[in-house]
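Subject: Structure handover

Dear colleague,

Please find the structure below. My notes on it come after.

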Amino acid sequence: MTVFHFFNCAILTFGPHAVYYSATPLSEYDTIGTSVKAAVVYLGTALVKLVCLATFLKVPENDSFDPYQESLKALIGFVDVAGLYFALTQLTHRNISQNHKFQAVGLGWAFADSVLHRLAPLWVGARGLEFTWEYILQGLEANANLVFTVSLAALGSLMWLRKNKPRALIPIIYACAGIVATMPSITSYLRRGLGWHLPKVVGFELFASLVMAFISWQLFSACQRPSV
């Protein structure tokens, strides 16, 4: 029963990445190489973030929300944006369109994040004798992170790869990218500052990810239209 619970949670956590790849044109254009390269860049970015967090952040004495520490953490979180910039603009890709490139990069980035942060807790905890909803909620959180990451990659693609975008949309694109990039700090404030429990935080993340995905899609579609 415990192994069955582990496999259920693992499928919920990692299955949507495989479904996204196979159900979209990414599989038809064989973009797995781009996703793997993005995953490698993520691992390097995570190492840089780990060094920065260990250098500039102090170990909290309690679980309360510290605005100064969280602000530093949010600034360090923008290392992810630099990593995505490198993955989108500097890596060599197959001859794929901009639409497929940001999706492949976002998918590889999100999958590497889920493996790095969620595989070990699942392996250790989900096989326990006592059933808990925590790991199911972590799987749902991984799905929200997938949507956030692909949305951020789409916004980054608009910022760095598309030159002829409408001027009126530029501030909106940057604002949305800033919101998505600081989402970990926002959820940390909800959890530690406002005392939200994990189910409520995960529900907020799922809702916010869908909203940001819709906005990113609308912005991408608007920038795809030929200028009049």
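Predicted model: local features only at pLDDT ≥ 70, side-chain atom pairs only at ≥ 80, totals over all residues.

Residues are numbered from 1 along each chain as its sequence is written, and side-chain values use heavy atoms, with hydrogens and water left out.

Nonpolar cores

A nonpolar core here is a set of buried Ala, Val, Leu, Ile, Met, Phe, Trp, Tyr and Cys residues joined through side-chain atoms within 4.5 Å. Buried means under 20% relative accessible area, exposed over 50%, and partly exposed in between (1.4 Å probe, protein chains only). The largest core has 39 residues, of which F102, L155, I173 and L219 touch the most other members. Two or more residues each come from α2 (32–56), α4 (79–89), α5 (98–125), α6 (134–160), α7 (170–181) and α9; helices (H or I, at least four residues) and strands (E, at least two) are DSSP runs, numbered from the N terminus. The greatest share is that of α6, with 9 residues. Beyond its neighbours within four places in sequence, L155 is in contact (heavy atoms within 4.5 Å) with I173, C176, A177, V180, S216 and L219. A second, separate core of 6 residues includes F6, C9, A10 and Y135.

Salt bridges

There are 3 salt bridges, each defined as a side-chain nitrogen of Lys or Arg within 4 Å of a carboxyl oxygen of Asp or Glu. One joins K49 and D80 at 2.9 Å, N to O. K49 is in helix α2 and D80 in helix α4, so this pair ties together parts that are 31 residues apart in sequence. K49 is partly exposed at 21% relative accessibility, and D80 is buried at 17%.

E141 pairs with R191, with the closest N and O atoms 3.4 Å apart. This links helix α6 to helix α8 (residues 183–193), across 50 residues in sequence. E141 is buried at 14%; R191 is partly exposed at 38%.

R118 bridges to D113 at 3.3 Å between the closest N and O atoms, and both residues are buried.

Cysteines and S209

The structure holds 0 disulfides, a disulfide being a pair of cysteine sulfur atoms within 2.5 Å. For C176, the nearest cysteine sulfur is that of C223, 11 Å away. C176 is buried at 8% relative accessible area, and C9 is buried at 1%.

S209 sits in helix α9 (residues 198–224) and is buried at 2%. Not counting residues up to four places away in sequence, S209 touches A144, V147 and F148.

Regards
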